[in-house]
Amino acid sequence: MAQDVAILDFGSSKITVLIGERGVNNTITVNGIGECDYAGFSDGEWFEPEQLTYVVGHAISNAETNSRTKIRHLYIGVPGEFTTCVCRDAQISLSKKRKITEADVEALHEQGNAFRGDVDYTLINSQPIYYTLDDERRLIQPVGLSSTRLGGHISYILAENRFIHFIDRIMDEIGIESVEYVSALLAEVLFLFDDIKRDQYVMLVDVGYITSSVVLARGDGILFQRSFSFGGGHITGDLATALGISYTLAESLKRKVVLSLNAGEEDVYEVATRESTQTFPAQLVNEIVTDCIGRLARTVTKCLAQCEYDYPDYIPYHLTGGGLSYLKGARDGLSKQLGKPVEIIAPPLPQFSRPHLSSSLGLMDMVLNQQAPVRKKGFWSKLFNR
């Protein structure tokens, strides 16, 4: 019998709680949803930490009411700004040539785990970029194959302990019995791209409202990730500052923008307010937004300059998240600024195919895929004896 699971996703402007189960044909059935806007975070710091218990509790309560379910165990997605990725080579020798078991794979991951006892970070996910056998073949699933040794390039995702300890205290106050922490970026990658695409490398740019992340992944793991403070809210802020208007009016104006419009001097955007309809020169507005996208592109390029991995120059950059994906013409504008093809990617579920849902549904999909029994000491904790 299918069992509901619950996830919590920290967006940069909204907290989302989903309660769901695996549906037919490997779909996701959402039985409850709770959302709550909040101040968010930037550069790894919460804007209003004193309000976080209330907004998290509100989102959880709404999801429980919506689904008529009491959440006792919660999977929490750790945002990219609070995680780091370390990739390591590992190898174990087998006593003789024999079939590789799941225990061998776990032993390999443990052999590369050098993070036990780290005062600043806790290991939350361990995924293979690839495994190798004694004939040097690279593969993702070695179990059942015969070899005298097992090696691999393993991706370890570490969460900041200050994030975990802070959220642990909030969960205790709310009354959640047990939690598991997982990488939100890893969940997105595994959900949005199929095995074949990931084997060829994938590049993901998740632009949120306040923060964004760039991820290079291959196989079942992340090779490189960087997060930075820039998102759709910064575009709104620049419009408000440059035009001398309120933030609320600037947000409404941003939603009118069409960057593909070859605007003339007489073209304007009209924004209806409660009192009147205001007009803004389309050329100027488009220039402001285009300049913001240029800043985003330069930051992405600067991040990737720190990546030590060689990856094919031809792979497209995939854009997701709610900060930029819905802005008309932004994809082409970002592609032009990056000098790379850019494709918008969203959850592969017809009823939920919206870029801003990529992280939340990715977390739900990851949890449903593992379906490990949740105990006070959960699956990932058990695996790494935390």
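Predicted model: local features only at pLDDT ≥ 70, side-chain atom pairs only at ≥ 80, totals over all residues.

For the chain, pLDDT averages 94, and 95% of the residues score at least 70.

Five strands form an open sheet with mixed pairing, in the order 3-2-1-6-11. Its edge strands are strand 3, residues 28-37, and strand 11, residues 178-183; each of these pairs on one side only. From one strand to the next, the twist averages 25 degrees.

Strand 6 covers residues 73-78 and pairs with strand 11 in the parallel sense, over six bridges. Within that pairing, Val-78 stands opposite Ser-183 in strand 11.

Next, the helices on this sheet. Helix 1, residues 52-67, lies across strands 1, 2, 3 and 6, and runs at about 145 degrees to strand 3. Helix 3, residues 161-174, also packs on the sheet, where it touches strand 1, strand 6 and strand 11. The direction of helix 3 makes about 145 degrees with that of strand 11.

Last, helix 7, residues 247-254. Which of its residues are buried? They are Leu-249, Ala-250, Glu-251, Leu-253 and Lys-254. And what do the buried residues of helix 7 pack against? Their partners are helix 6 (232-243), strand 15 (268-272), strand 16 (277-281) and helix 8 (282-304).

Methods. Residues numbered from 1 in each chain as written. Heavy atoms only, no water. Pairing = 2+ DSSP bridges. Helix = DSSP H or I, 4+ residues; strand = E, 2+ residues; numbered from the N terminus. Axes fitted to C-alpha atoms, helices over the stretch in contact; angles between N-to-C directions. Contact = heavy atoms within 4.5 Å. Buried < 20%, exposed > 50% of the residue type's maximum accessible area, 1.4 Å probe, protein only. pLDDT = per-residue confidence, 0-100.
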